[in-house]
Amino acid sequence: MYIWLARDNHAISLPAIPVMFADFQRVGIIGRLDKPVITDSLDLVVDVLKKSERDILIEEQTASLIAGNNGKIVSRNELHDCDLVIVVGGDGSILGIAKDLVDTDVPVLGINRGRLGFLADIYPDHIESGLLAVLQGSYRLEVHFLLEHSIVRDDELIRRGIALNDVVVNSGSITRMMDFALYINEEFVYSQRSDGLIISTPTGSTAYALSAGGPIMHPTLDAIVIVPMFPHTLTSRPLVVKGDSEIVVFVNSEDDFPLVTADSQEPFILQPYDRVYIRKNPKGLNIVYPTTHNFYESCRSKLDWGSRLGGNNR
């Protein structure tokens with residue numbers, strides 16, 4: 001394979017893009033329910049699947065957005081029996097299904113009807129060509145690891161959860177900081193007074209962690225980034241640790257009742273002296289991309305990398 005660089009018109013030989021082959025016969029569909037404008041994309045996905053003679057399973061709430069009897073209506077849990085699940089929405093919609101599919105090997109393909117679209121990479125204008133290519137066996141498969149968190153109170157486990165992007169411990173108020181201590185692999189790192197911490201996967205490094213000043217990490221890296229939120233010090237910086245690290249956030253102050261969230265969902269109120277344990281989940285989420293997918297191109301287009309005054313980006 002050769003890519004021509006516009007600057008000097010020289011060709012550079014690169015390894016072939018990995019192409020996977022699988023028989024996606026049973027295909028599930030789930031859509032973003034709060035965005036009715038996705039109905040045209042849902043209809044097109046169903047049309048492509050019907051022409052390809054696939055068995056179509058439509059999540060029961062999503063079925064209300066699709067006209068006609070186009071497939072078997074199933075519960076969210078029954079999507080576990082699919083060979084492929086197509087998510088029509090945005091990255092947030094994929095975050096929502098991730099916790100349902102993490103204990104399975106069912107891959108996910110995203111149709112982007114959201115904003116950025118780092119995970120959902122097929123746009124509405126390319127649904128037919130992109131989906132057909134995937135169904136014919138031309139795609140890339142990436143495994144994105146998730147974080148699991150456990151909350152321990154008085155040596156008793158009181159809550160578990162998983163996240164594809166991040167686990168966030170924050171003060172729960174825009175007018176108050178929190179006091180906490182951070183430990184990594186049972187080693188004390190620091191005590192801090194700040195708005196909280198973002199503990200992010202590489203997948204989540206382009207989400208909330210990025211807006212808080214964290215680094216961008218390639219989604220296939222085996223690493224976790226810890227990003228302080230508005231720390232009351234000039235020297236606190238994001239910290240990148242090995243993916244198999246165990247991270248513990250210990251709530252210090254008796255006056256604090258902070259929150260913990262996973263992918264910004266289901267906030268849980270912590271009590272003083274609670275401990276939040278964060279580690280990599282044993283299983284990841286399989287995400288299917290077209291062979292044209294390129295993480296760095298996504299960064300260039302979605303994060304406006306390399307823009308220059310006057311419109312000359314060379």
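The largest pocket here holds about 730 Å³ of space. A pocket, in this case, is an open set of points on a 1 Å grid over the protein atoms alone, with protein on both sides within 12 Å along at least five of seven lines. The volume is the space filled by probe spheres set on the points, with grid points joined across faces, edges and corners. Bear in mind that this is a predicted model: local features need pLDDT of at least 70, side-chain atom pairs count only at pLDDT 80 or more, and totals for chains, interfaces and linings use all residues. Residues are numbered from 1 along each chain as its sequence is written, and side-chain values use heavy atoms, with hydrogens and water left out.

**The chain overall**

- The chain has five helices and 19 strands; helices (H or I, at least four residues) and strands (E, at least two) are DSSP runs, numbered from the N terminus.
- Of the 314 residues in the chain, 48% are buried; buried means under 20% relative accessible area, exposed over 50%, and partly exposed in between, with a 1.4 Å probe and protein chains only.
- Take the contacts between residues at least 6 apart in sequence: 65% of them join residues at least 24 apart. Contact means heavy atoms within 4.5 Å.

**The largest pocket**

- There are 34 residues lining this pocket, and the closest to its centre are G90, D91, G92, S93 and L95. A lining residue has an atom within 4 Å of a point.
- Helix α2 (91-101) gives the largest share of the lining, six residues. β3 and α4 (208-211) are also among the elements that each supply at least two.
- By class, the lining splits into twelve nonpolar, 14 polar and eight charged residues. Ala, Val, Leu, Ile, Met, Phe, Trp, Tyr, Cys and Pro count as nonpolar, Asp, Glu, Lys and Arg as charged, and the others, Gly among them, as polar.

**Helix α2**

- α2 is mostly covered, with eight of its eleven residues buried.
- Those buried residues are S93, I94, L95, G96, I97, A98, D100 and L101.
- They pack against β3, β6, β7, β8 (140-153), β18 (265-269) and β19.

**The cavity**

- A search of the whole structure turns up one cavity of 30 Å³ or more. A cavity is a set of points where a 1.4 Å probe fits but cannot get out.
- The largest cavity has about 70 Å³ of space in it.
- Its lining is made of F118, L119, H144, P202, T203, T206, P219, Y289, H293 and F295, which divide into six nonpolar, four polar and no charged residues.

**The nonpolar cores**

- The largest nonpolar core has 26 residues, and I29, V45, L49, I86, L109 and L131 have the most contacts inside it. Such a core is a set of buried Ala, Val, Leu, Ile, Met, Phe, Trp, Tyr and Cys residues joined through side-chain atoms within 4.5 Å.
- The elements giving two or more residues to this core are β3 (26-31), α1 (39-51), β4 (55-59), β6 (84-89), β7 (108-112) and α3 (127-135). The largest share, five residues, comes from α1.
- Leaving aside neighbours within four places in sequence, V45 is in contact with I29, I86, V88, I111, I127 and L131.
- Apart from this core lies another, of 24 residues, including A163, V167, M178 and I199.

**Helix α3**

- I127, G130, L131, V134 and L135 are buried in α3. Seen down the helix axis, the buried residues fall within an arc of 130°, so they line one face of α3; the arc is that of the directions from the helix axis to the C-beta atoms.
- The buried residues of α3 pack against α1, β6, β7 and β19 (275-289).
- After α3 comes G137, with a positive phi near 100°.

**V276 in strand β19**

- V276 sits in β19 and counts as buried, at 1% relative accessibility.
- Not counting residues up to four places away in sequence, V276 touches H149, S150, I151, V169, I247, V248, V249, V260 and L270.
- V276 and R159 are 117 residues apart along the chain, and their C-alpha atoms are separated by 9.6 Å.

**Two glutamates with positive phi**

- E186 is not a glycine, yet has a positive phi of about 70°. E186 lies in the loop between β11 (178-184) and β12 (187-194), and counts as exposed at 74% relative accessibility.
- E266, also not a glycine, has a positive phi of about 45°; E266 is in strand β18.
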